[in-house]
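Please look through the structure shown here, beginning with the chain as a whole and ending with a single residue.

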Amino acid sequence: MKLHACLLTAALLALPAIDALAQTHGNDKPAAAAAQPAAPKAQQPAKPDAAAGEAKFTATCVACHGAGGNSGIPANPKLAQQHPEYVVKQLREFKEGKRQSPVMQGFAAQLSDADMRNIGWYVASVKAKEGFAKDKDLVALGEKIYRGGVPDRQIAACAGCHSPNGAGIPAQYPRLSGQHADYTAAQLVAFRDGARKNSLQMTQVAAKLNDREIRAVADYIAGLR
Ligand code: HEC
Ligand code: HEC
């Protein structure tokens with residue numbers, strides 16, 4: 001979307017300039033102006049089509065992931081406002097079996113690369129609904145782990161990669177803020193126990209977290225905004 005807007009702005013800005021050029025040089029040096037080679041176009045894949053992504057999403061995915069990807073079901077991740085590159089990576093890896101999920105592998109298998117990109121750019125454009133931390137006893141521990149890690153066990157601070165407010169860092173580090181605690185906890189357990197093997201970085205981070213720490217940090221993340 002941003003790229004699209006940029007290109008559009010650039011094109012609009014360039015128009016009067018081209019006009020002016022044509023008017024100044026049009027009469028005296030038409031041949032020279034015509035001989036100007038066209039600016040080389042950068043080699044880019046076709047632009048993602050968020051409207052097509054919305055149509056596809058609404059036809060199949062909405063039942064579990066909610067309107068616009070704002071899932072209301074704790075086991076189903078919110079996708080709204082997630083970085084599109086991360087969404088595409090996950091869909092591709094479900095399709096290839098690199099990330100396993102009996103539910104998602106079937107749905108991802110039916111998507112083309114273009115579908116994945118269109119859906120990714122669509123959900124990224126939807127604003128995420130905020131979540132809340134629920135466990136008063138654990139949230140302070142969760143905050144400590146999120147912001148500072150557990151230095152004496154070499155557990156890295158989550159904030160270092162996922163940013164202090166959980167917005168993530170495009171395109172590498174996914175957004176976590178507001179995610180359902182049940183989903184986040186399940187993913188951390190899956191990384192730790194080797195059921196989710198599509199990120200060495202996260203396998204290493206989760207390896208040393210115990211169940212209580214996982215519950216705490218997942219709860220804290222649900223309330224991040
Ligand atoms: C029947 C329910 C269901 C449907 C329908 C469904 N999903 Fe999912 N989706 C899930 C569940 C459950 C997970 C979590 C899988 C796991 O445990 O790793 C998930 C995970 C994902 C993830 C990974 C999110 C993350 O944060 O890593 C993406 C992306 C995704 N789904 C996209 C889609 C798209 C696109 C469609 C439609 C083509 C779709 N899903 C249809 C249930 C569903
Ligand atoms: C060194 C960088 C790094 C650190 C530190 C880190 N993460 Fe991650 N995390 C990642 C990357 C990269 C991914 C994307 C994995 C993928 O592509 O599937 C990720 C993915 C995740 C996911 C899956 C998101 C989803 O939607 O399925 C969760 C949950 C998560 N991290 C939680 C944490 C928590 C909690 C901590 C701190 C205890 C943490 N991370 C620390 C790099 C990091």
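This is a predicted model: local features need pLDDT of at least 70, side-chain atom pairs count only at pLDDT 80 or more; totals for chains, interfaces and linings use all residues.

Residues are numbered from 1 along each chain as its sequence is written, and chains are lettered from A and ligands numbered from 1 in the order in which they are written.

The protein chain contains 11 helices and 0 strands, where helices (H or I, at least four residues) and strands (E, at least two) are DSSP runs numbered from the N terminus. Of its 225 residues, 34% are buried, a residue being buried if 20 or more other C-beta atoms, placed from the backbone, lie within 10 Å of its own, exposed if 12 or fewer do, and partly exposed in between. Among contacts between residues at least 6 apart in sequence, 69% join residues at least 24 apart, with two residues taken to be in contact if their C-beta atoms, placed from the backbone, lie within 7 Å.

Around ligand 1 there are 18 residues, of which Cys61, Cys64, Pro77, Gln90 and Ser101 come nearest; a residue is near a molecule if its C-beta atom, placed from the backbone, lies within 6 Å of it. The helices α3 (50-65), α4 (84-96) and α5 (102-109) each supply at least two residues of this shell, and α3 gives the most, with 5 residues. By class, the shell comprises 13 nonpolar, 5 polar and no charged residues, counting Ala, Val, Leu, Ile, Met, Phe, Trp, Tyr, Cys and Pro as nonpolar, Asp, Glu, Lys and Arg as charged, and the others, Gly among them, as polar.

Helix α4 also packs with α6 (residues 113-124), at an angle of about 140° and with their axes 8 Å apart; axes are lines fitted to C-alpha atoms, for helices over the stretch in contact, and angles run from 0 to 180 degrees between N-to-C directions. The two helices, α4 and α6, are therefore oblique to each other, since angles under 35 degrees count as roughly parallel, over 145 as roughly antiparallel, 65 to 115 as roughly perpendicular and the rest as oblique. On the α4 side, Pro84, Val87, Val88, Leu91 and Arg92 meet Met116, Arg117, Ile119, Gly120, Trp121, Val123 and Ala124 of α6. The residues of this contact divide into 9 nonpolar, 1 polar and 2 charged.

Finally, Asp137 lies in the loop between α6 and α7 (139-148). Asp137 is exposed, because 8 other C-beta atoms lie within 10 Å. Asp137 and Ala216 are 79 residues apart in sequence, and their C-alpha atoms are 8.6 Å apart in space.
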